[in-house]
Amino acid sequence: MRLFVAAELPDAMMEALGETSALLRDHVSGRYVAPGSFHLTLAFLGEVPVARVDDACAALDEACALQPPIAVAFGPLGSFGRAHKATLWQGFARGVDELGGLAGDVRESLADHGLVYDSTAFAPHVTLMRRADLTGGLLPTPVVERGVIDTVTLFSSDLSGERPRYEPVHRVTLRWELLDDSEGMGMLV
Ligand code: 2AM
């Protein structure tokens, strides 16, 4: 089973990404990510034997157990790769360090469970388009939105169809951590 771990974005941010994607269609040719599929990848595992999926779920639970929700805001657009065949993405202006911490914890936990992932350095982004031709010049200004990330999900990825199909396998909800020191003990609510 092809797996990856990603943060899901709140509805208002998904809508903003859809609007930015629609703006891009007038300027750039390439393969657009379907609006319902936008996500922020934290770790890419690739093919994992079905018998190891429970380990991946446990790794995610453990990595997120003490992780509070993360306030984020979109920043500028960015790209990876060559200008005529680029990956075009929405970047973040707020929450970058916290997202980096979460990605690090998720990756460490996967490793503790003996699971292998793509160790390419984490750079928080939401891919909007692949094989984008950026040789035409300026990109439009993205629709800026802010919000709170509180869902981290293990997704399966099915590449057999015309477009990738992502299905949630296991969802973890991040909780605000309240420290109650009256008894010298930390308490999660
Ligand atoms: P992306 O976030 O940059 O688009 C499922 O394939 C998701 O995992 C995609 O969103 C993809 O990248 C991300 N991903 C990260 N590393 C990958 C890799 N080595 N191969 C395929 N997808 C990868």
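At 10% relative accessibility, Leu45 counts as buried, where buried means under 20% relative accessible area, exposed over 50% and partly exposed in between, with a 1.4 Å probe and protein chains only. The structure is a predicted model, in which local features need pLDDT of at least 70 and side-chain atom pairs count only at pLDDT 80 or more, whereas totals for chains, interfaces and linings use all residues. Residues are numbered from 1 along each chain as its sequence is written, and side-chain values use heavy atoms, with hydrogens and water left out.

Leu45 is found in strand S3 (residues 40–47); helices (H or I, at least four residues) and strands (E, at least two) are DSSP runs, numbered from the N terminus. When neighbours within four places in sequence are left aside, Leu45 is in contact with Leu3, Phe4, Val5, Leu110, Leu115, Val116, Tyr117 and Leu154, contact meaning heavy atoms within 4.5 Å. Between Leu45 and Cys64, which are 19 residues apart in sequence, the C-alpha to C-alpha separation is 17 Å.

Phe4, one of the contacts of Leu45, also belongs to an aromatic cluster with Phe155 and Tyr166. The structure holds 4 aromatic pairs, for which rings of Phe, Tyr and Trp (its six-membered ring) pair if their centres lie within 6.5 Å, planes under 30 degrees apart counting as stacked, over 60 as edge-to-face and the rest as tilted. Phe4 and Tyr166 form an edge-to-face pair, with 5.1 Å centre to centre and 80° between the planes. This pair links distant parts of the chain, since Phe4 is in strand S1 (residues 2–8) and Tyr166 in strand S9 (residues 165–173), 162 residues apart. Phe4 counts as buried because its relative accessibility is 3%. Phe80 and Trp89 form a tilted pair, with 5.1 Å centre to centre and 45° between the planes; Phe80 counts as partly exposed at 35% relative accessibility, whereas Trp89 counts as buried at 16%.

Two packed helices are described by the angle between their axes and the distance between the axes. The axes of helix H2 (residues 53–64) and helix H3 (residues 96–112) come within 8 Å and cross at roughly 140°, the axes being lines fitted to C-alpha atoms, for helices over the stretch in contact, with angles from 0 to 180 degrees between N-to-C directions. H2 and H3 are therefore oblique to each other, given that angles under 35 degrees count as roughly parallel, over 145 as roughly antiparallel, 65 to 115 as roughly perpendicular and the rest as oblique. The contact is made by Ala56, Ala59, Leu60, Glu62, Ala63 and Cys64 of H2 together with Leu102, Asp105, Val106, Ser109 and Leu110 of H3.

Within H2, Glu62 is in contact with Ser109 and His113, its neighbours within four places in sequence being left aside. The C-alpha atoms of Glu62 and Val172, 110 residues apart along the chain, are separated by 9.9 Å. Ala65 lies in the loop between H2 and strand S4 (70–80) and is partly exposed, with a relative accessible area of 41%.

Most residues other than glycine have a negative phi. Arg131, although not a glycine, has a positive phi of about 50°; Arg131 is found in strand S6 (residues 126–132) and counts as exposed at 52% relative accessibility.
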